[in-house]
Amino acid sequence: MMKRLTFLISLLLLAGCASQADTGEDNEIKAAEGKGGDQALSLRIGQTTAGQQYIEASPDINKDKYVEKIRELSGINIKIDPLIPWQDYNQKMNLLFARGDLPDLLQTQGINVAEVAPAVDHGVLLPLNELIEKYGPNLKKNIPEEAWSSPKVSKDGKIYGIPQSIFVRNNNVVYVRKDWLDALGLEIPKTVDDYINMLRAFKEGDPNGNGKSDEIPFSGRANFAFSDIFFGAYDVLPGGWKYENDQLVPNFIRPDMKEALKVYKLLYQEKLLDNEFMVQQGKDWDAKIKGQGVVGMWQHAATYPDKWLMEVQANTPSAEVVILPAPTGPDGKGGANLGSSVGMVYVIPKSSENPETAIKYLDWLFSDEAKRFLTYGIEGENYTMEGSQIKYKYPDTQAAIYEEQMYNIFLDYMGQNYLENEEFMSGRNHGQLIVDAMAIANNEGRINDGLDIPAMPTLQTRPELAYDGLWMQFAAKVITGEESIDGFDQFVEDWKKRGGNEWIKEATQWYNETYRK
């Protein structure tokens with residue numbers, strides 16, 4: 001009820017903002033371009049911390065040397081405000097739109113997500129087609145057509161966001177403590193059964209050699225975050241969809257979900273899966289993997305396993321980490337949902353003082369000058385020049401890796417350039433670990449037929465229908481033994497009656513209009 005009330009309040013506030021907006025894209029662009037005045041080269045940007053330690057530890061991100069440097073290089077006085085904590089991202093975004101105090105440029109997860117879609121429908125965001133034509137030659141050149149046409153970016157032929165390119169679409173791979181595998185003489189697991197046997201060995205074999213039964217074979221976080229890999233073995237990842245029998249249906253109601261839940265019940269009952277995972281938040285999860293060094297397997301991004309390795313080694317110097325192919329299921333496949341080719345999406349509210357400056361800034365990020373900075377940092381601090389050769393000081397401490405992510409990831413709104421720079425990657429410490437991880441990620445994964453699906457009307461009014469609602473409650477009861485898996489069919493029937501059928505109907509119509517034209 002509270003979620004629905006908050007959503008309705010947001011709609012009313014957004015509608016009020018929209019009632020004052022100009023109609024017609026030409027008028028909107030002309031009016032917006034005339035606002036700049038003396039502040040034309042200033043840009044207020046709202047973005048998330050992305051959970052990055054360097055950013056979240058900063059006393060004032062706008063006084064950071066890398067922010068100051070990018071101002072100098074771009075000639076644009078950027079101010080990051082608001083800086084949105086990742087842990088509270090959705091809630092903070094809802095409040096931001098409700099208040100109406102929007103920055104000139106805002107980082108979102110797409111125009112089709114629940115917290116942003118109403119802003120599009122009520123005219124709060126600026127259509128960008130003409131601004132891109134006028135001020136974004138690099139954007140047009142470097143961003144592929146499929147990204148521009150993504151539901152995360154465009155609606156009804158109008159572009160409302162600038163998409164960030166994704167280099168690795170499958171960015172949730174399996175991490176395993178290699179030193180534990182070696183200590184127990186274990187072979188690399190392949191199937192679900194192989195993985196279960198490996199986890200049993202981790203629990204029973206004292207792989208950390210301290211004589212205590214303190215190992216946690218596999219750990220994850222609330223709502224199956226970073227612990228959904230066994231669903232992938234059965235092609236029923238809870239956040240995905242499958243088009244079958246002329247309908248687009250969520251994976252969590254498909255029959256194969258029964259087999260996947262049986263696996264998770266076994267893992268939970270045998271304590272092969274961290275029994276706190278259903279309520280566990282990021283800091284506690286991190287502490288077990290990195291601080292205590294007692295976790296044998298987890299999931300995370302394929303793009304920075306070197307960061308993970310150094311974090312674990314900070315407290316467990318003998319630790320080694322390896323990235324393994326995901327467990328395969330009955331069809332011989334597995335892996336996480338393949339994500340969109342679009343990452344974060346940058347929108348410009350109609351209230352923006354400088355929409356043309358926002359486009360120019362994003363366009364500049366594709367320049368050679370920007371790419372050098374976003375890959376190598378500041379000359380004289382992070383690298384030096386020897387003739388035409390860049391001599392980069394690769395980070396060799398945990399703190400240095402956190403700092404590197406400031407320019408490699410946080411300030412690179414258009415994509416992680418450094419991953420595509422072979423020279424940069426080949427020279428870094430543990431660079432081969434990253435290359436291997438990305439190769440595994442690009443060789444596995446499940447197709448999500450509902451990729452980039454927007455928040456449908458039924459889901460907006462009945463959020464409990466999503467996988468983290470009614471299904472999550474049922475799954476938790478099955479896994480903990482409070483309810484039998486035999487109740488799955490009844491759960492699906494009840495879910496459909498409570499609005500699921502309407503949501504499937506809306507999703508199917510969207511799929512047919514979007515992908516089956």
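1. The largest cavity is lined by Thr303, Tyr304, Asp306, Ile401, Glu404, Gln405, Asn408, Ile409, Tyr418, Arg428 and Ile434, where a cavity is a set of points on a 1 Å grid over the protein atoms alone at which a 1.4 Å probe fits but cannot get out, and a lining residue has an atom within 4 Å of a point. Its volume, the space filled by probe spheres set on the points, is about 70 Å³.

2. This is a predicted model, in which local features need pLDDT of at least 70 and side-chain atom pairs count only at pLDDT 80 or more, while totals for chains, interfaces and linings use all residues. Residues are numbered from 1 along each chain as its sequence is written, and side-chain values use heavy atoms, with hydrogens and water left out.

3. Helix α18 gives the most to the lining of the largest cavity, with 5 residues; helices here are DSSP runs (H or I, at least four residues) and strands likewise (E, at least two), numbered from the N terminus.

4. The second largest cavity, with about 40 Å³ of space, is lined by Asp306, Met310, Tyr394, Pro395, Ile401, Arg428 and Asn429.

5. In helix α4 (residues 65-74), Tyr66, Val67, Ile70, Arg71 and Ser74 are buried, that is, under 20% relative accessible area with a 1.4 Å probe and protein chains only. Seen down the axis of α4, these buried residues fall within an arc of 145°, so they line one face of the helix, the arc being that of the directions from the helix axis to the C-beta atoms.

6. After α4 comes Gly75, with a positive phi near 75°.

Notes:
Buried < 20%, exposed > 50% of the residue type's maximum accessible area, 1.4 Å probe, protein only. 1 Å grid on protein atoms, 1.4 Å probe; cavity = no way out; pocket = protein on both sides within 12 Å on 5 of 7 lines; lining within 4 Å.
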